[in-house]
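Subject: Structure handover

Hello,

Here is the structure for you to take over. Please load it first, then read my notes alongside it.

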Amino acid sequence: MKEDTDIIHSHFFKCQSDFFEISKSINEMYQNKNLLWFNRFDINVSPVSRNFFEQFPKINQLIDDFECNTYAIFKFDPNTCYGWHVDNAERAYALNMLIEGYGSSYTFVGDKIKDRTNEDFSNVREVPYEANKFVLLDVNSYHTIYNLDKPRYLLTISFPASNLDFNKICEYLIKNNI
Ligand SMILES: [Fe+2]
């Protein structure tokens, strides 16, 4: 049985609705060998057009309501680790869907322990990605990703830096059945 803490955590919020069509479409998009990739912060990034979301009214409305400004597929190579970090100042939160990498890719959040000389963290939890479901991640808090023997593909929708409250977005996601 799942505990509430598996769904709501101070650094992430697990959404409950199934968006199979989004997952399927994104998968088809990156299977297309002509997709353009570029490197940003050592991640392979391929932008998704704003128009793509018009066929998904709830997500389309969310993008408008929160003025989300970036939508992209992130690709991570197998057998890599993206170390503990916070994202750049331009993005406060990310609405993520793990498309591929189940059983081989693990994302963790944690709190950096003050006054330690090395990188020690407390409150470490795995981000509970589940097929076809979104997870809202506070990317201003520390997170790290371990990719084992398979590539990892992630759809990410960025919320711009603002005074937006994490809990307010969670409330919106619940209210709008996302
Ligand atoms: Fe990040």
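Below is what I found, going from the whole chain down to single residues.

**Confidence**

This is a predicted model. The pLDDT averages 91 over the chain, and 95% of the residues score at least 70. The exception to flag is residues 1-6, where the pLDDT is below 50. Beyond near neighbours in sequence, that stretch has two contacts in the model. Where pLDDT is low, the predicted coordinates should not be read in detail.

**Overall layout**

The chain has three helices and 11 strands. From the N terminus on, the order of elements is β-α-β-β-α-β-β-β-β-β-β-β-β-α. The radius of gyration is 16 Å, close to the 16 Å that the globule rule gives for 178 residues, so the chain is as compact as a globular protein of that length. Along the principal axes, the C-alpha atoms fill a box of roughly 50 × 35 × 35 Å. Of the 178 residues, 26% count as buried.

**The seven-strand sheet**

Seven strands form an open sheet in the order β1-β9-β6-β11-β4-β3-β2, with antiparallel pairing. β1 (12-14) and β2 (38-40) stand at the edges. Each has a single partner strand, so one side of each is left without a neighbour in the sheet. From one strand to the next, the twist averages 30 degrees.

Asn96 shows both pairings: it stands opposite Val135 in β9 and opposite Thr156 in β11. Ala94 has Leu137 as its bridge partner in β9. Seven of the 10 residues of β6 are buried, so the strand is largely enclosed by the rest of the structure.

**Helices against this sheet**

Which strands does helix α1 lie across? Helix α1 (residues 20-31) lies across β3 (43-47), β4 (70-76), β6 and β11 (152-160). It runs at about 80 degrees to β6. Helix α3 (residues 166-175) lies across β1, β6 and β9. Its angle to β9 is about 175 degrees.

**The four-strand sheet**

Another open sheet has four strands, in the order β5-β10-β7-β8. Its pairing is antiparallel. The edge strands are β5 (80-85) and β8 (121-126), and each pairs on one side only. Neighbouring strands here are turned by 20 degrees against each other on average, direction ignored. β5 pairs with β10 (residues 143-147) over four bridges. Within β10, Tyr146 is the bridge partner of Cys81.

**The nonpolar core**

In soluble globular proteins, nonpolar side chains tend to be buried together. The largest nonpolar core here has 36 residues. Phe134, Val135 and Leu136 touch the most other members. The elements that give two or more residues to this core are β1, α2 (57-65), β4, β6, β9, β11 and α3. β6 gives the most, with six residues.

What does Leu136 touch, leaving aside its neighbours within four places in sequence? Its contacts are Phe12, Phe13, Cys15, Tyr93, Leu95, Ile169, Cys170 and Leu173.

**Thr156**

One more residue to look at is Thr156, which sits in strand β11. Is it buried or exposed? It has 22 C-beta neighbours inside 10 Å, and the cut-off for buried is 20 or more, so Thr156 counts as buried. Not counting residues up to four places away in sequence, Thr156 touches Ala72, Phe74, Ala94 and Asn96. The C-alpha atoms of Thr156 and Tyr93 are separated by 9.8 Å, although the two residues are 63 apart along the chain.

**Where to start**

Then turn to Leu136 and its contacts, including Ile169 and Leu173. Leave residues 1-6 aside for detailed reading, given a pLDDT below 50 there.

Best wishes

Conventions
Residues are numbered from 1 along each chain as its sequence is written. Two strands pair if DSSP finds at least two bridges between them. Axes are lines fitted to C-alpha atoms, for helices over the stretch in contact, and angles run from 0 to 180 degrees between N-to-C directions. Two residues are in contact if their C-beta atoms, placed from the backbone, lie within 7 Å. A residue is buried if 20 or more other C-beta atoms lie within 10 Å of its own, exposed if 12 or fewer, and partly exposed in between; C-beta atoms are placed from the backbone. The radius of gyration is taken over C-alpha atoms; the globule rule is 2.2 Å times the number of residues to the power 0.38. pLDDT is the predictor's confidence in each residue, from 0 to 100. A nonpolar core is a set of buried Ala, Val, Leu, Ile, Met, Phe, Trp, Tyr and Cys residues joined through C-beta atoms within 7 Å.
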